[in-house]
Amino acid sequence: MKVDAFEKLERPISAFDHDDHNDKAALEDCSVCHHVYEDGKLVEGESSEDQACADCHTLKAQGSQPGLMMAYHRQCKSCHIESKKGPVACGECHVKK
Ligand code: HEC
Ligand code: HEC
Ligand code: HEC
Ligand code: HEC
């Protein structure tokens, strides 16, 4: 998954085949990842699927809104840890080609 907001990459681009990933993981609710917050509270049932994470998450954190790298890491890894499925080690996502 190429993210242009990171200018100079320290790691190989992470593996993430959107539709294939979400099929395999049986994720039907888009807002699990494409969330919407209002006054710091999650708005249930609303989705921001027409926006990139970087549209809201700047490189640096803003208050309780994590910076862009942390946003990906927290969202991706917390679900993998909770569901005990999916990669959590650096090299499993940032795979050298
Ligand atoms: C496991 C998390 C996850 C789920 C579930 C998910 N997406 Fe995504 N989606 C992403 C990520 C991550 C990106 C890349 C965003 C970026 O470039 O920052 C993305 C990108 C997109 C984009 C391109 C957005 C853009 O303009 O950059 C669309 C459209 C999209 N998703 C639609 C959907 C729809 C519709 C669903 C539900 C059927 C869905 N997604 C479910 C994680 C998810
Ligand atoms: C429309 C704006 C918006 C978009 C788009 C968005 N976020 Fe967020 N996100 C927020 C806000 C605002 C917060 C902070 C909520 C708070 O104050 O606690 C947040 C919080 C988070 C958090 C910490 C809370 C949690 O859910 O664990 C993570 C992780 C996160 N976002 C990841 C992502 C990822 C990954 C994407 C892209 C798939 C994304 N966000 C897209 C606005 C957005
Ligand atoms: C809400 C839960 C959830 C979120 C969020 C999530 N994943 Fe996953 N992911 C899974 C599950 C479940 C699997 C195992 C699927 C299976 O059974 O093969 C998985 C598997 C994977 C795999 C292994 C190959 C594949 O496609 O099955 C990769 C790579 C991966 N995830 C990357 C990511 C990245 C990168 C993100 C963040 C942008 C992310 N995941 C967010 C649940 C999630
Ligand atoms: C679940 C998958 C996943 C895991 C595990 C993971 N990352 Fe990432 N990481 C991502 C995604 C997605 C991005 C967004 C950019 C991309 O696609 O490479 C990212 C971005 C980054 C970036 C910013 C872009 C760059 O290359 O400079 C760095 C640095 C990074 N990760 C380092 C790490 C390190 C170090 C670890 C282990 C401690 C790690 N990541 C573990 C998915 C992951």
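Colleague: Is Asn-22 buried or exposed?

Modeller: First, a word on the source: this is a predicted model, in which local features need pLDDT of at least 70 and side-chain atom pairs count only at pLDDT 80 or more, while totals for chains, interfaces and linings use all residues. Residues are numbered from 1 along each chain as its sequence is written, chains are lettered from A and ligands numbered from 1 in the order in which they are written, and side-chain values use heavy atoms, with hydrogens and water left out. As to the general idea, buried means under 20% relative accessible area, exposed means over 50%, and partly exposed lies in between, with a 1.4 Å probe and protein chains only. Asn-22 has a relative accessible area of 18%, and therefore counts as buried.

Colleague: In which helix is Asn-22 found, and which residues does Asn-22 touch?

Modeller: Helices are DSSP runs of H or I with at least four residues, strands are runs of E with at least two, and both are numbered from the N terminus. Asn-22 belongs to helix α1. Contact means heavy atoms within 4.5 Å. Leaving aside residues up to four places away in sequence, Asn-22 touches Phe-16 and Leu-27.

Colleague: With which side chain does the side chain of Asn-22 make a polar contact?

Modeller: A polar contact is a pair of N or O atoms within 3.5 Å; within protein, one must be able to donate a hydrogen and the other to accept it, and residues adjacent in sequence count only if both atoms are side-chain atoms. Here the partner of Asn-22 is the side chain of His-21, at 2.8 Å.

Colleague: Which residues are the protein donors of the iron atom of ligand 3?

Modeller: Donors are N, O and S atoms within 2.8 Å of the metal (3.2 Å for Na, K and Ca); water is not among the atoms, so sites may look incomplete. For ligand 3, the NE2 atoms of His-21 and His-80 are the protein donors, lying 2.0 Å from the iron atom. This pair links distant parts of the chain, with His-21 in helix α1 and His-80 in helix α3, 59 residues apart. His-21 is partly exposed at 27% relative accessibility, whereas His-80 is buried at 14%.

Colleague: Why is the arrangement around the iron atom of ligand 3 octahedral?

Modeller: Four donors count as tetrahedral if all angles lie between 85 and 135 degrees; four count as square planar and six as octahedral if opposite donors are over 155 degrees apart and all others between 65 and 115; anything else is irregular. Ideal angles are 90 or 180 degrees for six octahedral donors. The arrangement at ligand 3 is octahedral because the six donor atoms around its iron atom subtend angles of 86 to 179°.

Colleague: Which residues are the protein donors of the iron atom of ligand 1?

Modeller: They are His-18 and His-34, each through NE2, lying 2.0 Å from the iron atom. His-18 is in helix α1 and His-34 in the loop between α1 and β1, 16 residues apart. At 38% relative accessibility, His-18 is partly exposed. The six donor atoms at ligand 1 subtend angles of 86 to 180°, so this arrangement is octahedral.

Colleague: How many residues surround ligand 2?

Modeller: A residue is near a molecule if one of its heavy atoms lies within 4 Å of it. By that test, 16 residues surround ligand 2, and Cys-53, Cys-56 and Ser-64 are among the closest. A polar side-chain atom of Ser-64 is 2.6 Å from an oxygen atom of ligand 2. Helix α3 gives the largest share of this shell, three residues.

Colleague: How many residues surround ligand 4?

Modeller: There are 21, with Met-1 and His-73 among the closest. A polar backbone atom of Met-1 is 2.5 Å from an oxygen atom of ligand 4. The largest share of this shell, six residues, comes from α3.
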